[in-house]
Amino acid sequence: MMKSHLEKNFRPKIIVCESEELVDIEAVRTIQQLVLKNLQAVLALPTGNTPIGMYKHLVQLVKNGKLDLSHTTIFNIDEYYPIDPLHPDSFASYMKQHLLDHVSVGAWYIPRSDSENFQEEAVRYQEILNKYQPIDLVVLGIGPGLTCHIGFNEQGSTIDSTVRYIKLSPETIQANTKHLKDPQTIRDGGITMGIADILLAKEIVVIAKSKNKAEGIQRSLEGAVSSDAPASFLQLHPHVTYILDKDAASLLSTDYQKGIIYKTL
Ligand code: PGA
């Protein structure tokens with residue numbers, strides 16, 4: 001752990017976009033700038049509803065010849081556990097549907113959701129991740145309401161948490177169930193990178209859209225750093241950018257809004 005990272009609070013860069021699509025475009029711009037500088041960049045990427053548009057734009061950029069991901073290494077931040085990786089609701093299927101079936105990447109790692117033993121799987125995934133740390137960029141979504149989860153690091157996750165199995169909160173289950181293709185099969189657990197793994201990255205981007213994220217964004221940015229709001233730990237990292245739509249940014253205090261960068265088309 002790079003202790004120097006974690007000894008004081010930093011103010012992240014905050015970009016507020018006029019539309020949800022601009023959030024996608026800004027997030028892709030960050031990825032593009034990184035990969036143009038370093039073809040072999042190592043990225044940890046999210047799943048969920050929020051980044052679907054980001055992947056659409058990313059795929060378009062690659063197809064238009066403006067970006068080459070074929071030497072990058074992609075990690076997934078989390079995965080349901082247990083679930084058949086071929087099940088349409090697995091994050092492995094999500095990644096194929098939104099990215100990997102369309103463009104080639106150098107390498108791709110995701111927790112094995114069909115592994116017999118989640119502890120062994122956590123150790124295996126951690127070992128691979130550690131070989132690549134500090135990874136270049138982590139892109140995160142944030143959980144619904146006041147869960148403030150990042151990856152599947154639910155409330156109670158500690159700053160030194162690493163890859164592990166975690167039980168999902170009722171709020172997370174409820175929010176995620178809406179997007180399941182097979183909502184009968186409710187997933188209540190996952191394997192996630194920990195807070196410590198995320199904080200080791202060189203750069204972190206958080207994307208959030210909609211009013212449902214406003215409270216969590218406000219709590220994570222302006223509240224105390226604590227396990228009650230796992231995203232608040234990002235205050236301890238010097239290179240964090242939040243890319244938000246107007247709704248997700250709507251509860252930030254007037255004082256906090258100073259210094260925000262606004263993006264319109
Ligand atoms: P969402 O999920 O993009 O579907 O809102 C984000 C998250 O739970 O981290």
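Modeller: In helix 7, which spans residues 214-222, the buried residues are Ala214, Gly216, Ile217, Arg219, Ser220 and Leu221, where buried means under 20% relative accessible area, exposed means over 50% and partly exposed lies in between, for a 1.4 Å probe and protein chains only. Helices (H or I, at least four residues) and strands (E, at least two) are DSSP runs, numbered from the N terminus. The model is a predicted one, in which local features need pLDDT of at least 70 and side-chain atom pairs count only at pLDDT 80 or more, while totals for chains, interfaces and linings use all residues. Residues are numbered from 1 along each chain as its sequence is written, and side-chain values use heavy atoms, with hydrogens and water left out.

The buried residues of helix 7 pack against strand 1 (13-17), strand 9, strand 10 (240-245) and helix 8 (254-257), contact being heavy atoms within 4.5 Å. Between strand 9 and helix 7 runs a loop that holds Ser210, a residue that is not a glycine and yet has a positive phi of about 90°. With a relative accessible area of 25%, Ser210 is partly exposed. The C-alpha atom of Leu200 lies 9.8 Å from that of Leu137, although 63 residues separate the two along the chain.

From there one can turn to the loop between strand 6 (137-140) and strand 7 (164-167), where Ser161 is found. Ser161 is buried, with a relative accessible area of 7%, and its side chain reaches the backbone oxygen of Thr158 at 2.7 Å. Setting aside neighbours within four places in sequence, Ser161 is in contact with Asn153, Gly194, Ile195, Ala196 and Asp197. Cys148 belongs to the loop between strand 6 and strand 7 as well, and its phi is near 50°, a positive value in a residue other than glycine. Cys148 counts as buried at 0% relative accessibility, and Cys17 is likewise buried, with a relative accessible area of 0%. The structure holds 0 disulfides, a disulfide being a pair of cysteine sulfur atoms within 2.5 Å.

Two cis peptide bonds also deserve attention. One of them joins Gln133 and Pro134, with omega about -5°, and Pro134 sits in the loop between helix 4 (118-132) and strand 6. Another cis bond runs from Tyr81 to Pro82, where omega is near -10°, and Pro82 is placed in the loop that leads from strand 4 to helix 3.

Note on methods
Polar contact = N/O pair within 3.5 Å; in protein donor to acceptor, adjacent residues only side chain to side chain.
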